[in-house]
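Subject: Handing over the structure

Hello,

I am passing this structure on to you, together with some notes on what turned up in it. Please have a look at it first, then read on.

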Amino acid sequence: MSIFYRTKDAGCLDRLVASLDRTPPGIENGAIIGFFAALFDSSPQMRRTLLDAVHSNRAAATYFIALSKAGLADEARRFASAHGLEGAISGNPTLLKDVRPVSVPLDNDLLIGAYMATGDLSYVDHILENLRDSRDGMAADAIRMGLLMGKFGGPAPGRPNIMTIAACRKYGCPRNQPSEDMMREMTIASAVWAVGSLAKNDVAIKQELDRFVRADLRLSAIYETEQNAFARYLTLVTLWSANKDSSLDEALMDYERLGAADALLKPDRLPQSPDDKK
């Protein structure tokens, strides 16, 4: 799916459609919804081909949501009537073209799916706008969380899973219900993770991410500081893995608890590696 916009591979599309039946009922896959919404909007011919060959109730439900997100209201109603989905019609969904992620991580997925279908980088920009518009501290913390998730999918090997807990304490999770600030922090972090991961294999996204960050001096400075701190963190994790030094652990814990990135970048405030002591 991630390279469909470049290949237009019918086999890839067939496999994606076949995968819909393996999606658990009641679970909405944002990337797939965004993919089909953008595809239906940008290619009437492909839309007609897919809608005329619906092979399952699960696919029909997915297509209906995608048609609604694409703003194809009349076609969505006709499709719902033809496939017994009248009960699924409710309210006025936010159209894909109007989605601007703020505090709903699923919105990132919708736009990523839309990019995969079309190669339209404006969808990537809409994801990153949430990062640009956030406060300095929130942006820095989200970049840190996103970099860690992108590298390990969670905490670094052997390290405690405390960064999300630290974010929850910092941004608010009363009675274990994430506050609006916490949901925004997680939405931005997931954006950094997703866009950064895609950039590793997609030159267009990498170039757009670099351009977007460089265009904002404030964001560029925050991003550079956090990237440098993360590189230092990875070095210290490697040292700590070989030698469970308490001072190393203290430095790592401060970073994992969303402490100031600058502290990790000052050699005089960190334990020296064996090579540094020579």
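Which kind of link joins the side chains of Arg 77 and Asp 74? They meet in a salt bridge, with 2.4 Å from N to O. Both residues lie in helix H6, three residues apart, which is about one turn of the helix. Arg 77 is partly exposed, with a relative accessible area of 46%, and Asp 74 also counts as partly exposed, at 46% relative accessibility.

Before going further, please keep in mind that this is a predicted model.

**The chain as a whole**

The chain holds 16 helices and zero strands. Its C-alpha trace spans about 75 × 45 × 35 Å along the principal axes. Of the 278 residues in the chain, 46% are buried. If you take the contacts between residues at least 6 apart in sequence, 69% of them join residues at least 24 apart.

Side chains of opposite charge can pair when their charged atoms come close. How many salt bridges are there here? The count comes to 18.

One of these salt bridges is formed by Arg 48 and Glu 75, whose closest N and O atoms are 2.8 Å apart. This pair links distant parts of the chain: Arg 48 sits in helix H4 (residues 44–51) and Glu 75 in helix H6 (residues 73–82), 27 residues apart. Are the two partners buried or partly exposed? Arg 48 counts as partly exposed, at 38% relative accessibility, whereas Glu 75 is buried, because its relative accessible area of 11% is under the 20% limit for that class.

Arg 159 and Glu 256 make another salt bridge, with 2.7 Å between the closest N and O atoms. Arg 159 lies in the loop between H9 and helix H10 (163–171) and Glu 256 in helix H14, so the pair ties together parts that are 97 residues apart in sequence. Arg 159 is buried, and Glu 256 is buried too.

Some salt bridges share partners: Arg 47, Arg 48, Asp 52 and Glu 75 are joined into one network in this way.

**Helix H3**

Helix H3 covers residues 30–42 and has 13 residues. From its first C-alpha to its last it reaches 18 Å, close to the 18 Å expected at 1.5 Å a residue. Why can H3 be called largely enclosed by the rest of the structure? Because 11 of its 13 residues are buried. Among them are Ile 32, Ile 33, Phe 35, Phe 36, Leu 39 and Phe 40, as well as Gly 30 and Gly 34.

The buried residues of H3 pack against helix H1 (4–7), helix H2 (10–19), H4, helix H5 (57–69), helix H7 (105–118) and H8. At the start of H3, a side-chain oxygen of Asn 29 comes within 3.1 Å of the backbone nitrogen of Ala 31.

Helix H13 runs over residues 217–242, which gives it 26 residues. It reaches 38 Å from first C-alpha to last, close to the 38 Å expected at 1.5 Å a residue. What caps its N-terminal end? Asp 216 does, with a side-chain oxygen 3.0 Å from the backbone nitrogen of Arg 218.

The buried residues of H13 include Leu 219, Ile 222, Tyr 223, Phe 230, Tyr 233 and Trp 240; Glu 226 is also one of them. The buried residues of this helix pack against H8, H9, H11, H12, H14 and H15.

The pocket is lined by 19 residues, and the closest to its centre are Leu 147, Gly 196, Leu 209, Tyr 223 and Gln 227. Which helices each supply at least two residues of the lining? They are H9, H11, H12 and H13.

**A loop to look at**

Finally, Ser 179 has its place in the loop between H10 and H11. A polar atom of the Ser 179 side chain lies 2.9 Å from the backbone oxygen of Gly 172. Leaving aside residues up to four places away in sequence, Ser 179 touches Tyr 171, Gly 172, Cys 173 and Pro 174.

Enjoy exploring it.

Best wishes

Terms used:
Residues numbered from 1 in each chain as written. Predicted model: local features only at pLDDT ≥ 70, side-chain atom pairs only at ≥ 80, totals over all residues. Heavy atoms only, no water. Helix = DSSP H or I, 4+ residues; strand = E, 2+ residues; numbered from the N terminus. Expected span 1.5 Å × (residues − 1). Buried < 20%, exposed > 50% of the residue type's maximum accessible area, 1.4 Å probe, protein only. Contact = heavy atoms within 4.5 Å. Polar contact = N/O pair within 3.5 Å; in protein donor to acceptor, adjacent residues only side chain to side chain. Salt bridge = Lys/Arg side-chain N within 4 Å of Asp/Glu carboxyl O. 1 Å grid on protein atoms, 1.4 Å probe; cavity = no way out; pocket = protein on both sides within 12 Å on 5 of 7 lines; lining within 4 Å.
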